[in-house]
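The following exercises are to be worked with the sequence and the coordinates at hand. Each task is followed by a solution in steps.

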Amino acid sequence: MTKRHREEPVIRPFRLVETRLAVPGVIGMREARRLSFGKMPHVLIGPDAGFPEFQPLDEWKNEVALVDARALPLEVRKEAGIKDPAEEHARLVEMEWAYYMGEGKLEDLRILERARLTPLDEKARGVLTAHGHAYWLAGYSRHSSMLWVHLIGGAAPRQAWTSIWSTPPPQPLGEGPPAWLSPEAYSELRLARWADRVLRALSDGMVTETGLLFARVREAIWDLAEDDLARAGMEAAAHMAAGADEVVLPLHGPARRVRLPPFILSAHERSPFEREEPSSEPTRLREVHVPAEDAWILTKDLR
């Protein structure tokens, strides 16, 4: 292994080789066919953008346990069987096993290194509980249209259930689409962003829709490319983060910023399907503030 190889930076601009722009951890196009609700394509930036996406939430009837594995003590991670992709990547390169394992394994690890949260199996969940460490449990059921986010264990566990149909995001007075965006397209965009915004609000920003979709199926083979498209995607993401109103995205063309207003969400603190005993307190609802956000849509989708 050469000195130059040893000194390569950990974070380099690479993208998924797909028809959509997807630079993991930086920027990602969300196509209509991959959306859980609503069908307005849009662009995300941030640490959970640009990852592979699989089965949309509206087809789910299960849940995923997640944790920030990097925040756990090393001994707890070892006992739980949680491997750090960055450490695994460095180990394979250091021991010069990369040649024998092939590029596919290393590219998988490069994507996993960018993911903020790690999915947990039953054994790992038990270990974290035994040591007093909290983790998130999030899921959706297409049968009940319920979405839930629970903080399991730790000093302040909590639970929350909500439904897109029982608590649709209201349109605040005085708020609406910009003049160049039709009310129909604006409504579709708000619907498409509902799950991600609610997941963030219920988890203090830890759980996101794209992060949840990626965590569901992480064992796959992806083709990556370090090219001008990846670098152009990173530059566009930097302009978007700096507040630009319009940018040109590689593979997609011009995109414009849309401000989505905040709304108040009603969340159950106990499962609404749990049978209540006559002596028990009624299921309580709590109000959760979902903050405003900027979304980005392609101008070609406005025609």
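**Exercise 1. Describe how β11 and β12 are paired and connected in this predicted model.**

*Solution.* 
Step 1. Strand β11 and strand β12, the latter spanning residues 253–260, pair in the antiparallel sense over four bridges.
Step 2. Within this pairing, Leu 249 is positioned opposite Gly 253 of β12.
Step 3. The two strands form a hairpin with three residues between them. In the turn, Leu 251 has a positive phi of about 80 degrees.
Step 4. The side chains alternate along β11 (residues 246–249).

**Exercise 2. Determine which residues of helix α6 are buried and how they are arranged about the axis.**

*Solution.* 
Step 1. Helix α6 covers residues 122–130, and its buried residues are Ala 124, Arg 125, Val 127 and Leu 128.
Step 2. Viewed down the axis of α6, these buried residues fall within an arc of 160 degrees, so they line one face of the helix.
Step 3. The face turned away from the buried side carries the exposed residues Glu 122, Lys 123 and Ala 130.
Step 4. The cover over the buried residues of α6 includes β5 (61–67), α2 (74–80), β6 (118–120) and β7 (135–141).
Step 5. At the N-terminal end, Asp 121 caps α6, with a side-chain oxygen 3.3 Å from the backbone nitrogen of Lys 123. After the helix comes Gly 132, whose phi is positive, near 80 degrees.

**Exercise 3. Characterise the aromatic pairs, and explain what the pair of Phe 37 and Trp 194 ties together.**

*Solution.* 
Step 1. The structure holds four aromatic pairs. One of them joins Phe 37 and Trp 194, with 5.9 Å centre to centre and 90 degrees between the planes, and is edge-to-face.
Step 2. Phe 37 lies in the loop between β3 (27–30) and β4 (42–45), and Trp 194 in helix α7 (residues 183–202), so the pair ties together parts that are 157 residues apart in sequence.
Step 3. Both Phe 37 and Trp 194 are buried.
Step 4. Phe 214 and Trp 222 form a tilted pair, with 5.8 Å centre to centre and 50 degrees between the planes. Because buried means under 20% relative accessible area, Phe 214 at 3% counts as buried, and Trp 222 at 7% counts as buried.
Step 5. Ring pairs also link Phe 37, Tyr 140 and Trp 194 into a cluster.

**Exercise 4. Which rings have Arg 110 and Arg 216 over them?**

*Solution.* 
Step 1. Arg 110 lies over the face of Phe 14, 4.3 Å from the ring centre.
Step 2. The charged end of Arg 216 sits over the ring of Trp 60, at 4.9 Å from its centre.

Note on methods. Residues numbered from 1 in each chain as written. Predicted model: local features only at pLDDT ≥ 70, side-chain atom pairs only at ≥ 80, totals over all residues. Heavy atoms only, no water. Buried < 20%, exposed > 50% of the residue type's maximum accessible area, 1.4 Å probe, protein only. Pairing = 2+ DSSP bridges. Phe/Tyr/Trp six-rings, centres within 6.5 Å; stacked < 30°, edge-to-face > 60°. Lys NZ or Arg CZ within 6 Å of the ring centre and 35° of its normal. Arc of directions from axis to C-beta. Contact = heavy atoms within 4.5 Å. Polar contact = N/O pair within 3.5 Å; in protein donor to acceptor, adjacent residues only side chain to side chain.
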